[in-house]
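Me: Could you take a close look at one part of this model for me, the open sheet, and then tell me what else stands out around it?

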Amino acid sequence: MTAAVPFVHLRVHTEYSLVDSVVRVGPLVDAVERLAMPAVAVTDQGNVSAMVKFYKAAIARGIKPVIGADVWIADERDEREAHRLTLLCANADGFRNLSRLLTESYARADSSGRALLPKGWLEPASLDGLIALSGAQLGELGKALVANRRDRALEILDFWRTSMPDRFYVECQRVGRPNEAEYLERAVPFAAETGVPLVATNEVCFLESADYEAHETRVCIAQGRTLDDPSRPRNHTEQQYLKSAAAMQELFAELPEALANTVEISKRCNLELRLGELFLPAFEVPGAASTESHLREQAALGLADRLRASGIEDAEGVYAKRLARELDVIVGMGFEGYFLIVADFINWARKNAIPVGPGRGSGAGSLVAYALGITDLDPIGHDLLFERFLNPERVSMPDFDIDFCIEGRDRVIEYVGRRYGRDRVSQIITYGTMAARAVVRDVGRVFGMPYGYVDRIAKLIPFEIGMTLERALVESEELKTAYDSEEEIRMLIDMARRLEGIARNTGTHAGGVVIAPSPLTEFMPLYSDPDAGLLSQ
């Protein structure tokens, strides 16, 4: 009796792939824990948007998280063709390189929005710290093998061996895709003859086999198709669920080295995310002054102007003492640059006739903010506490609530980009999710149900913020009656419940802007939005 070969899933897409997966991060980690797997890799399409949530959840359960992404390589000879490749981060250098590649790829997104990487960008330096999986029959090497072009396959392999010595794996899958058998018949002996390692993967897009219909429904929602459309692309199969190690061992019984290499790859991937650390941008001060001395000087000058304009005489030094105390706390916590940066773009906005609010939230309790022009409220005159905003006993980032006029807000963001470097400034991505009423309408359309019929059902769901289908079935007696009495409505609602809350599309945060001390790709990849420009992934 042979010992069981260990196995690690290296290719799981989450809902952040936006089109081809219904896997949510929490249930994924639950399932991996239940299957007693030591590690799992999330490789969403062209992004690492699930990374932080996935990393935290996996670490908390004692599961090793492997970070990576599926990318598409533009064909050098045919602009219409693209090849899949999976890149996994072995270390921090690999993550930074992946961040740069993903960011650059969005500048070349094709008409479908698929981010493309020119092969010329994939030099050894840009791939350092990364491990590549060939993409099975959807990769450039796989397509050459399916076409029985051994000479071309050798040429492609030589490129990857030169670019990624000992870090390129020929990928094997058995998920029931077209050309799969022909590919494996040629890939396995090709790997043996050339000495390149094999690895078995499964490209997971849903957790349970019973989730296939929900997955296909989600794909149709994204594509604007119906389930019964005979012309719609069918790029996925019923086998793309999270299989157990035993199931994968049975599937690849004759290729134990391909199974063992999943564990070997996971051992080589040791990216540690430095979560919770602050990386604040530097504020350039004039002359030889330090950031601290410049802040103290500007705050003192600003306070003198404020008191003069208000006709206040600080005979007892109440304002001066409060200012000194606040400055000591700000400097002690390392936030002097933060205050100067915020003051800089607010004062620029005022000088350029862009209306700015007087101050809102706990930030209005800071006399330093008042002196610098960040707020227009005198905290002493209004008996406001600085400790509600910044407290050394409860260390957290200061957070000013700043209101800019919507008609000038883009100009302020543009200024910040020019001032601190366009490669260091971006807006923040958001994700729209499938809410109760919307998901019922989406599912009804995909099922081919008449619009009026589905609209009537959707309107039975109470119109409240945060409403869920679960709550609606309790609170709406009419909806519950229809659900219990009509099989078609029950089928519609049940499918909608399976998709409710899944990420559907990207958007732009209404107020958030990220400013980094060095290029943002040192910290994260960026997504390019045609309307908003660069967004953090």
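Reply: Four strands make up an open sheet with mixed pairing, in the order E10-E9-E12-E11. Strands here are DSSP runs of E with at least two residues, helices are runs of H or I with at least four, and both are numbered from the N terminus. Two strands count as paired if DSSP finds at least two bridges between them. At the edges sit strand E10 (503–515) and strand E11 (526–529), each pairing on one side only. From one strand to the next, the twist averages 45°, with axes fitted as lines to C-alpha atoms and angles running from 0 to 180 degrees between N-to-C directions. Strand E9 (residues 425–433) runs antiparallel to E10, and eight bridges join them. Within that pairing, Tyr431 stands opposite Thr506 in E10.

A word on the source: this is a predicted model, where local features need pLDDT of at least 70 and side-chain atom pairs count only at pLDDT 80 or more, while totals for chains, interfaces and linings use all residues. Residues are numbered from 1 along each chain as its sequence is written, and side-chain values use heavy atoms, with hydrogens and water left out.

Ile465 is 32 residues from Thr433 in sequence and 13 Å from Thr433 in space, C-alpha to C-alpha. You'll find Ile465 in the loop between helix H16 (451–458) and helix H17 (469–475). Ile465 counts as exposed because its relative accessibility is 88%; the cut-offs are over 50% for exposed, under 20% for buried and partly exposed in between, using a 1.4 Å probe and protein chains only.

Now for helix H10 (residues 291–310). Buried residues in H10 include His294, Leu295, Ala299, Gly302 and Leu303. Helix H11 (318–332), helix H12 (336–351) and helix H13 (367–372) are among the elements covering the buried residues of H10, where contact means heavy atoms within 4.5 Å. Just after H10, Gly311 takes a positive phi of about 70°.

Positive phi turns up elsewhere too. Ala136 is not a glycine, yet has a positive phi of about 50°. Ala136 lies in the loop between strand E6 (130–133) and helix H4 (140–146), and is buried, with a relative accessible area of 1%.
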